Each structure stands twice: as structure tokens, then as C-alpha cells.
Amino acid sequence: MKEIPFFFNNKDNQRLFAILHQPNTNTDREHRRAAIVCCYPIFEERLNVHRIMVNFARYAATQGFHVLRFDYFGDGESEGLFEQSSVTTRLMDIDAAVELARTNFNVSSIFLLGARFGGTLCLLYSNEYQKIAGTIAWAPLIEVESYLLKVLRANLAMQVAVHGKVIHDRPFLIRKMEKGETVNVNGYELSLSLFQEGRAIDLSRTKLDQTRPSLIVDITASKVMDKGLEKFLALNHEAKMHYVQIKERKFWTALKKVYPSCKNLFATSLEWIKCELESVN
Amino acid sequence: MEKPVKFLNRKGQTLFGMLYVPENMHYAMTVGILISIDSIKSRIGAYRFNTLLARYLCQNGFYVMTFDPTGTGDSEGDFEDKYLNQHFVDIQKGRYCDDIIDAVHFFKTEIELDKVVLLGLCGGAVSVLLSAYKGDIADALILLAMPVLLEDVKVKTPEEIDETELITSKEQAVMVLLPQIKNLFYLDTWNKILTSKIEWKHKIKTNSKALYVLLSKQFEVLKNKIFNQSEIKGKPKHPRFNYLVLESFKKVISKGGKVLFVFGELDFVTWLFKSEFQEIFLPSGNKLECFYEIHVIKNANHIFAGKVVQNDLQKTIVSWLNRVIVATEV
């Protein structure tokens, strides 16, 4: 199994960092005709998920798949500053990664796999572009606005640490972004474009392309489904959408115990891809 | 120029890294800076801390390398299933040392370096300090927010942390007591007191400890003025003091290595360093002052989050490198 780190350019000629996991040559030829493009979450969740994605990529490569992991513009080791990125730029970067896979890896099928906000982006991308064979979303964010408002809490906590109390509340911080400034949340400079585009995403009110296969993986210890997810699934009940619930530690948060193995999650995801490949053939 | 790299560690495992090569060399000597990861946040670091710092240092004429030790980030190797705080202790006892030493050797094969500087934040700072002791690989160290106490493995949840144990310095005692005193001028506080919404047990415990520390530190100041200390001597008081940090620091200094400590004003690690390390081993006027500098960045937290704070940190680091390592005028 070969792992190749490299830079590639998106359509705006910005350098994005990526790592390609090439499959073993003694694996199923059909699988070697498929590539999986991995889409990371946002903020610190991106770092918390990193090793899980690496482990998945290695697992998938041993099963014969090409796997491409990449950093969005303004994130990871790609060019640019975080505040220069938005939902739009991330979707464009996913497209650039998909195009790279399509033109360079000699594959006939490309799947997207995203965790958390990455999963949300994958679903939106597959809805807009017709280039991929299927999408897997691990614990996707359904109502992004509530997530971003929670993220803003980090700034409020910082104010308490510095000043002993909150001086600028959330409405003030939003007005600050509207004036063109950024708001610091645990080191990340949140800009208006990312905030506004993000808060406009509500999958519970989004009817996706009914012909695009997707696997929604609900990673939870609770038997009760999130209401937003329930609405999303109900709205898209006629779509080629599969839902599965997997009991696993929420590895995108700061865990007390490090790096769960996620064997069930990986196996389930790959089995679904294999089924989709078989149904196409 | 940024170049992804891969190299083998002594166990034959492939480690991934990034090499930052300056476009313009300002200096007569080639200085390489290796940035260690802190805990498990990969070579990128919290909010891309390492990547942004590496780019800034590279723009200022320094070669920089970041990398993932085995079992982390993109690198090969397994990572055992354990509690995060146990992993912190493992780092504080040198888990990443061998890989850091191997990374430096690789760095030197890629670039002909005149001087090597190791840089790390928190666990990364401890890692590079211990590596410098073990491998004799560095001319200088930049230690950011370095903890001097071992992580408490008995604590499994944030609720189990005994906050009073962390009140060890005068500055922290003031940070605990001052808001309490200020709050007494607000009606809301008295309302809480009268309606029993205050956790009295916790308040009495923390405030008593803060008051005790404040008074005992004042007494120590008087004592130090009478008995002028000029060498590293004195015994650590805290039961979780990391002796490896002290021994490593002594060795680095004894070999003429230079050390830059940078801390955040709002970080409790800063004041633990002050009370458990600086005041005991590096009192004002000691003979070793020419080998190290200690800076505290205003309004900075443990990870130096925030544009203004990051600018201050970056300038502090480059200024020190220019003065102490490269020895040119800023």
C-alpha cells in the first residue's frame, strides 16, 4: 500500500494539500476502479477526526480502494487563511478533489465520504454535481446554524477568561462579522461568508436529488434519533438513501479516551460502497 | 516552498512531515526549526497553530519542519486505547523523544543546518526539552506554555479536578481573589448569597487556599531578599512535579544551549511554572540568566488563540531568534 502526500491546485489556482492512499495490487480489481474522496469536518473537529480518517483510508486501501484525503483552502496544510474560506470555497475544493480523482486515478466510480460538516458538504455537493456514484455522511450536521451558534460560545468563554464577564454577546459578534471583521473561536477566525452560508444550511428542509445513492450513518449511543435528522430522513424517504445507526464514541469531540477503533463504522461504510458498485455492474 | 516529506524512524516506521524552505535567506547561517506536536492534534496543531507558525518563521528566513510521531497524524504506527490524560503523562515522560531525534537527523540530511532549534507547545515543549536532553540534538529550545507538573491520571472528568491544587502562585491567588472581591460590589452577588445560590464549600476552599498562597509567597519574597540565591538549588514542592523537566533543562543549559520560555497570561500553566519552577530554581539574579528568557504574552490563553496574541507570540519568537541564535540586529 502506497501513501503519497502532494499538493494540487483548485480552479482558483490555490494549492491544496492531499494524501493519496493507493490500493494494494493484489486486491479485487473492481474495487481498484473506485475511489473514495474524504471530506473533513470544520474547526477542531477536523483535528479530532483526522486519525480516524487516516485509519479508514488505510483500511479501505487494503480492501482495494483508492482513497484521497485533502485539506480545504484555508485549512490544514492547504494554502490560505481560514477566514478566507466559506461553504462555497469548500464545495469548490471538493469538486477539485473529485476532478483530480477522476482524471488521475483511472477509476470508474467516485464516492464521497464526509464526517460531520464534511458529511453535510458531501450531501450538498452530490445534490449539485452529477459526478459521483454515492455519498457517505458520518454524523452529518443537519441544522448548521445551531452548530455555529454553539461554536460562537467559545468566544464568549474567552471573554469571561479575559474580562471576567461577557462584554460582547452573540448578536454583537454577528454584527461584528457583518461589518467585515472576524470573530475568534478557539483560534479560528470566523468570517461572515462562512457564518452566513453555513447558517443557511438546514438539511431537515432540503430535498436531495432522489436518484443519488447515499448512506447516512448516525453515530450515537442514544436510541432516540435527533429530531432534525428524523425530519431530513422523512423528507427524503423516496430517495436512494440508506440510514444506519452505529454505536460508537463521538470521536469528533475531545474524548477522554483516544482513537476508538471504529471497525464497525469502517466495515459498514465499505460494505455499502461494495453493494453500490455491484448494483451498478 | 512547502514540501511534504516522509522518512523512517529507528523502528522502520514511515513518518510524515512538512518541510518549509524559505525563498529568501536573510542570514549568513542556516537555522532549522523543528516543531513538535503537542498531544494528538497532529503536526498541524490546534487551529493550524504549527502550520501558521511554520509559515511565519519561514517567511522570516528560517527552515522549518513539522512532523507526526508514530501513531499520530498521517504517520505509520498504532495508538493504544487509553485515557487522554495517561497519554499526556506518557508524553511528559518522553514518548515522542525518539521520533523527534530521528526527525532532526532527517532534517539535517535534507538541509545542511548550522543550528537546530526545537520548538513545542505544551506537551510538545516537554517533548523537545526531553529530546534535547536525550539526544543532544539542539542548539536552542523554544518552549511554549510548558507544564512542569505531570498530568493527574486519577482525574477522569473535568468535575474531578481539584482547582485548589492548581493555586500555587501569587498571581493565580490574585486572579482567584480579585474577581470575588469585585463581585461583592454587585447586587446580584448579594442576591445569590441571600438566596443560598452560592456553593459555599467550594468558595471557602478556593479562597482560603488563595489567601494562604498569597501570604506565604509574600513571606518567601522577604526570605529570598535576605538569602540571595545565585544557582539552581532548591527542591520542588508539588507531588506531581516532573523531575525530567528539571534535569533536562539543567543539561541543556550546562551545554550552552539557549532557551526561550513563552507563556500566556491567562494560562494557569504559566503561574504553576512560576511558582513550581521559576521561583525555586531560577530566582531573580541567578547566574544562568544569560542562557534563558521568559516572556508572558498579555491576554494569551494556553494555545495563544487570537490574532493579536499570535502576532505578539510570533514577533517574540523571531526577535529572540535574531538576537540570540542568529545574532543580527532586528
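Q: What area is buried between chain A and chain B?
A: This is a predicted model, and the contact in it takes 42 residues from chain A and 42 residues from chain B. Carbon and sulfur atoms give 53% of the area buried between the two chains. That buried area is about 3,200 Å².

Q: How many salt bridges are counted between chain A and chain B?
A: Side chains of opposite charge can pair when their charged atoms come close. One pair to consider is B:Lys41 and A:Glu44, whose side chains meet at 2.7 Å, N to O. Because a salt bridge requires the nitrogen within 4 Å of a carboxyl oxygen, the distance of 2.7 Å in this pair qualifies. Between chain A and chain B the count is 4 salt bridges.

Q: Which element gives the largest share of the side of chain A that touches chain B?
A: Across the interface of chain A and chain B, 22 residue pairs are in polar contact, with both residues at pLDDT 80 or more. On the side of chain A, the elements that give two or more residues are strand E1 (2-9), strand E2 (15-22), helix H1 (44-62), H4 and strand E8 (188-190). The largest share is 8 residues, and it comes from H1(A).

Q: How many residues apart are A:Lys11 and A:Asp95?
A: The side chains of A:Lys11 and A:Asp95 meet in a salt bridge at 2.9 Å, N to O. A:Lys11 lies in the loop between E1 and E2 of chain A, while A:Asp95 is in helix H2 (residues 87-104) of chain A. The pair thus links distant parts of the chain, 84 residues apart.

Q: Which helix gives the most to the lining of the second largest pocket?
A: The second largest pocket holds about 1,200 Å³ of space and is lined by 30 residues, with A:Val160, A:Ala161, B:Met175, B:Val176 and B:Pro179 nearest its centre. Helix H4 (144-163) of chain A and helices H5 (170-183), H7 (200-226) and H9 (268-281) of chain B each supply at least two lining residues. The most, 10 residues, come from H5(B).

Terms used. Residues are numbered from 1 along each chain as its sequence is written. Chains are lettered from A and ligands numbered from 1 in the order in which they are written. This is a predicted model: local features need pLDDT of at least 70, side-chain atom pairs count only at pLDDT 80 or more; totals for chains, interfaces and linings use all residues. Side-chain values use heavy atoms; hydrogens and water are left out. On a 1 Å grid over the protein atoms alone, a cavity is a set of points where a 1.4 Å probe fits but cannot get out, and a pocket is an open set with protein on both sides within 12 Å along at least five of seven lines; lining residues have an atom within 4 Å of a point. Grid points are joined across faces, edges and corners, and a volume is the space filled by probe spheres set on the points. Helices (H or I, at least four residues) and strands (E, at least two) are DSSP runs, numbered from the N terminus. Contact means heavy atoms within 4.5 Å. Buried area is the accessible area (1.4 Å probe) that two parts lose on being put together, summed over both. A polar contact is a pair of N or O atoms within 3.5 Å; within protein, one must be able to donate a hydrogen and the other to accept it, and residues adjacent in sequence count only if both atoms are side-chain atoms.
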